[in-house]
Amino acid sequence: MEKKLVLRGVLAGAVAGLLAFVFARIFAEPYIGKAIDYESGRDAAQAALDKAAGIAPEAAGSDLFSRTVQADVGIGAGMVVFGMAMGALLAVAYTVCLGRAGALRARSLALLVAGGGFLGMYLVPFLKYPANPPAIGHEETIRARSGLYLIMVVCSVAFLAAAVWLGRRLQARFGNWNATLLAGAAFAVAIGVVMLLLPSFGHLGWNKEHYGNHATETPQPLTDAEGNIVFPGFPADVLFAFRFYSVGAQLLLWSALGLVFAPLAERVLRPATAGASVHGTAPSPA
């Protein structure tokens with residue numbers, strides 16, 4: 001049965017990834033294009049300043065794939081593969097929770113696990129390290145930023161699982177409502193401590209020539225030797241819109257993942273549930 005659930009999780013993930021891609025292609029991709037245009041314009045302005053200062057320009061590398069291929073094939077394939085991977089993880093977590101989540105129906109459990117996946121795998125890490133479009137983030141800090149984000153994801157998922165376990169332990173003493181509130185408060189405190197301990201991107205010592213005199217992740221206005229602005233800073237509205245639609249794409253992915261997987265899982269579990277009803281026993285989680 002576990003293999004059947006995992007296969008259906010992968011199928012649900014493919015469907016969810018495709019839907020998320022369509023959403024991202026329509027709403028987020030235009031802002032990716034604006035960010036790339038900004039980066040190109042800033043590079044041209046920096047090259048002009050370097051030329052005026054007698055600095056030899058660096059040779060620009062050519063893109064391996066065109067913007068059309070990146071926007072359609074690249075993002076589409078990436079979202080579908082990511083959705084399939086998350087679908088497999090969802091199915092594994094769902095299998096672990098079977099028989100350990102009280103009297104929840106199969107569909108309700110699938111939706112709860114999907115909601116927990118969105119919260120732990122994306123939303124909580126996003127609050128500390130939000131998604132950035134091109135032109136934000138220096139190449140020299142990619143490894144550091146990726147490592148910090150991974151730490152945030154691991155802590156978020158681990159603390160969320162611990163909060164669920166704590167809520168179950170406190171249920172008999174405090175009741176469902178109070179146990180849920182206490183477990184949620186414990187999760188918020190634990191993940192808040194991690195957020196305070198982990199550094200922000202702006203404190204990683206990024207190149208001031210690229211980011212201006214302020215240690216921030218967002219490029220500041222580009223100035224010449226006299227301090228005159230020759231190119232503006234990164235548009236705040238583009239950054240906000242990109243992050244907003246990034247959250248929307250992930251919310252759509254995890255919602256579709258739960259909604260598609262729920263009936264598929266229920267069909268797999270229905271024979272076991274029917275057989276258990278005939279013999280008067282509870283269905284086995286395996």
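This is a predicted model: local features need pLDDT of at least 70, side-chain atom pairs count only at pLDDT 80 or more; totals for chains, interfaces and linings use all residues.
Helix 4 gives the most to the lining of the largest pocket, contributing 15 residues.

**The pocket**

The largest pocket has a volume of about 1400 Å³. Its lining is made by 35 residues, and C97, L112, L160, A161 and V164 are the ones that lie nearest the centre. Helix 2 (67–97), helix 3 and helix 4 are the elements that give two or more residues to this lining.

**The helix pair**

Helix 3 (residues 106–128) packs with helix 4 (residues 142–197) at an angle of about 130°, and their axes are 9 Å apart. That angle makes helix 3 oblique to helix 4. The crossing of helix 3 past helix 4 is right-handed.

On the helix 3 side, the contact is made by G116, L119, G120, M121, Y122, V124, P125, L127 and K128. Helix 4 answers with Y149, M152, V153, S156, V157, L160, F187, I191 and M195. L160 belongs to this contact, and L160 is also among the residues nearest the centre of the largest pocket.

**Residue classes**

Here is the make-up of the two sites by class:

How values were computed
Residues are numbered from 1 along each chain as its sequence is written. Side-chain values use heavy atoms; hydrogens and water are left out. Axes are lines fitted to C-alpha atoms, for helices over the stretch in contact, and angles run from 0 to 180 degrees between N-to-C directions. Helices (H or I, at least four residues) and strands (E, at least two) are DSSP runs, numbered from the N terminus. Angles under 35 degrees count as roughly parallel, over 145 as roughly antiparallel, 65 to 115 as roughly perpendicular and the rest as oblique. A crossing is left-handed if the near helix is turned anticlockwise from the far one by less than a right angle, and right-handed if clockwise. Contact means heavy atoms within 4.5 Å. On a 1 Å grid over the protein atoms alone, a cavity is a set of points where a 1.4 Å probe fits but cannot get out, and a pocket is an open set with protein on both sides within 12 Å along at least five of seven lines; lining residues have an atom within 4 Å of a point. Grid points are joined across faces, edges and corners, and a volume is the space filled by probe spheres set on the points.
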